[in-house]
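The following exercises are to be worked through with the sequence and the coordinates at hand. Each task is followed by a solution in steps.

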Amino acid sequence: MIKVVFFDLDDTLVDTTKLAEMARKNAIENMIRHGLPVDFDTAYNELLELISEYGSNFPHHFDYLLRRLDLKYNPKLVAAGVIAYHNTKFAHLKEIRHVRKALLKLKEMGLRLGIITDGNPIKQWEKILRLDLDDFFEHVVISDFEGVKKPHPKIYQKALKIFKVNAEETIMVGDRLYSDIYGAKRVGMHTVWFRYGKYANRELEYRKYADYEIKDILELPEIIEVLNSAHSNKKVHANR
Ligand SMILES: [Mg+2]
């Protein structure tokens, strides 16, 4: 019997990858508009390389970009990048299609909801609060706050402990086969791979850990309905 649904955040509830790409492109365009003496492709590719080396939460993307391009430090250009980046993020942050509808449906079904996400706690909360999703979730478990990242079993065990449920009473939904699906399956959760975004064709060696695969988050309530009705049928039989 499923009682709790755990969600990953980025590219499962919130359309993060598309947003980050748009924000980075707009940042470079605005830097060029204010005098960055490099063409778009050169600057954009350099930025992507720098992000893959230093990580997406590195706080000095735009000043390091200037260094990498052998340009003198120029606070005006850094400001142009920062402004366009943040404006894009504020204006275009969106939940993934059907997320709100699916969450409402799950709540109606009496399910308890949680988030298990990797990342910087303030940045993750910022997305949840901006989209006004916080009321749906009883708890949000964030790796950089807990000191352990997915797919380590510990972060999943912490979530089970917080919700006071057994793994088999839960289902984990996420876009990454490795961190979300493999991680959750190892502690015994049911798993749903949300096949979306840049990981839709990656980490396929972990596909065997996915109990279900969906491309629309609205398929989720149906899966749980079927799982729970199969369970209550079994119970009826057992009681006879
Ligand atoms: Mg994700």
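A residue is called buried if 20 or more other C-beta atoms lie within 10 Å of its own, exposed if 12 or fewer do, and partly exposed in between, with C-beta atoms placed from the backbone. The model is predicted, and local features need pLDDT of at least 70, side-chain atom pairs count only at pLDDT 80 or more, and totals for chains, interfaces and linings use all residues. Residues are numbered from 1 along each chain as its sequence is written.

**Exercise 1. Classify tyrosine 196 by its C-beta neighbours and list its contacts.**

Step 1. Tyrosine 196 lies in the loop between strand 5 and strand 6; helices (H or I, at least four residues) and strands (E, at least two) are DSSP runs numbered from the N terminus.

Step 2. Tyrosine 196 has 19 C-beta neighbours inside 10 Å and is therefore partly exposed.

Step 3. Two residues are in contact if their C-beta atoms, placed from the backbone, lie within 7 Å. With neighbours within four places in sequence left aside, tyrosine 196 contacts Asp11, Ile96, Asp175 and Lys215.

Step 4. For aspartate 175, the C-alpha to C-alpha distance to tyrosine 196 is 6.1 Å, across 21 residues in sequence.

**Exercise 2. Examine the backbone at aspartate 11, glutamate 203 and proline 151.**

Step 1. Aspartate 11, in the loop between strand 1 (4–7) and helix 1, has a positive phi, near 65°, and is not a glycine. Because 21 other C-beta atoms lie within 10 Å, aspartate 11 is buried.

Step 2. Glutamate 203, also not a glycine, has a positive phi of about 60°. Its loop runs between strand 5 (190–194) and strand 6 (212–214). Glutamate 203 has 15 other C-beta atoms within 10 Å, so it is partly exposed.

Step 3. The peptide bond from lysine 150 to proline 151 is cis, with omega near 10°. Proline 151 belongs to the loop between helix 7 (143–146) and helix 8 (153–163).

**Exercise 3. Describe how helix 1 packs against helix 4.**

Step 1. Two packed helices are described by the angle between their axes and the distance between the axes. Axes are lines fitted to C-alpha atoms, for helices over the stretch in contact, and angles run from 0 to 180 degrees between N-to-C directions.

Step 2. The axes of helix 1 (residues 16–33) and helix 4 (residues 75–92) come within 7 Å and cross at roughly 145°.

Step 3. The contact includes Leu19, Met22 and Ala23 of helix 1, and Leu77, Ala80 and Gly81 of helix 4.

Step 4. By class, the contact residues comprise 10 nonpolar, five polar and three charged; Ala, Val, Leu, Ile, Met, Phe, Trp, Tyr, Cys and Pro count as nonpolar, Asp, Glu, Lys and Arg as charged, and the others, Gly among them, as polar.

**Exercise 4. Which residues have the most contacts inside the largest nonpolar core?**

Step 1. A nonpolar core is a set of buried Ala, Val, Leu, Ile, Met, Phe, Trp, Tyr and Cys residues joined through C-beta atoms within 7 Å.

Step 2. The largest such core has 41 residues, and Phe6, Ile171 and Val173 have the most contacts inside it.

Step 3. Not counting residues up to four places away in sequence, phenylalanine 6 touches Gly114, Ile116, Ala159, Thr170, Met172 and Val173.

Step 4. Another core lies apart from this one and has 14 residues, among them Met31, Leu65, Leu77 and Ala84.
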